[in-house]
Amino acid sequence: MDFKTEFKPLTVQPQEIESKSFEIITEELGEHPFTPEQYPVVQRIIHASADFELGRNIVFHPRAIEAGIAAILGGKKIVADVQMVQVGISKPRIQKFGGSVDVYISDPDVMEEAKRLNTTRAIISMRKAVREAEGGIYAIGNAPTALLELIRMVKEGEAKPDLIIGMPVGFVSAAESKDELRKLDIPFITNLGRKGGSTVVVAAVNALAVMAEKKA
């Protein structure tokens with residue numbers, strides 16, 4: 001059977017598609033409270049999610065953009081809570097400056113320790129990450145328990161990340177973990193409510209990587 005459609009795409013060129021999408025986002029978002037430095041992150045988050053409500057609810061620590069760019073240019077490690085975040089981040093841009101994107105949640109020692117302590121692998125993976133990464137960017141889009149554990153370690157002086165991008169999605173502890181993150185006086189990017197996810201966190205990291213590349 002021959003299926004036909006009258007719809008024709010405006011363009012099939014990837015760069016043109018992205019540019020046109022950004023134009024539409026800027027037009028439809030209208031007035032907003034974000035600084036020129038923050039807006040590229042919001043723009044890419046909306047581009048990745050097609051969710052303007054989510055975009056409007058992004059919250060930045062005043063030093064978030066500066067800290068994120070500096071960490072990437074300094075070759076700091078990016079720690080992802082799950083493989084979906086790791087896979088989505090543009091590694092060539094990170095590796096160009098000597099950095100890496102790492103995830104520990106499926107490491108055998110993490111799984112064994114989580115089972116022994118009867119806790120989540122996400123919690124144990126954050127503990128391992130803090131031992132192996134000096135500073136760095138923590139990109140958490142899936143596991144609220146990972147974000148809450150990282151916040152605990154920051155409060156207790158065990159962890160000193162350069163930036164936390166904490167936007168886990170879900171119905172159990174997701175919104176609450178972000179509420180706790182906003183209380184910290186260290187650089188963070190987060191959002192209000194239950195929305196979020198791996199794709200959103202990836203978009204934020206990639207936006208920072210593009211800005212770092214331009215600044216290099």
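Two strands pair if DSSP finds at least two bridges between them. Strands (E, at least two residues) and helices (H or I, at least four) are DSSP runs, numbered from the N terminus. This is a predicted model: local features need pLDDT of at least 70, side-chain atom pairs count only at pLDDT 80 or more, and totals for chains, interfaces and linings use all residues. Residues are numbered from 1 along each chain as its sequence is written, and side-chain values use heavy atoms, without hydrogens and water.

**View 1. The open sheet.** Six strands follow the order β1-β6-β5-β4-β2-β3, with mixed pairing. β1 (58-60) and β3 (101-103) are the edge strands, each pairing on one side only. From one strand to the next, the twist averages 20 degrees. Axes are lines fitted to C-alpha atoms, for helices over the stretch in contact; angles run from 0 to 180 degrees between N-to-C directions.

**View 2. The β4-β5 pair.** β4 (residues 137-140) and β5 (residues 163-166) run parallel, joined by four bridges. Ala 139 has Ile 165 in β5 as its bridge partner.

**View 3. Helices on the sheet.** Helix α8 (residues 121-132) packs on the sheet and touches β2 (78-80) and β4. Contact means heavy atoms within 4.5 Å. The direction of α8 makes about 165 degrees with that of β4. Helix α10 (residues 174-181) lies across β5 and β6 (188-191), at about 145 degrees to β6.

**View 4. Around Leu 208.** Leaving aside neighbours within four places in sequence, Leu 208 is in contact with residues including Val 41, Ile 65, Leu 163, Ile 165 and Ile 189.
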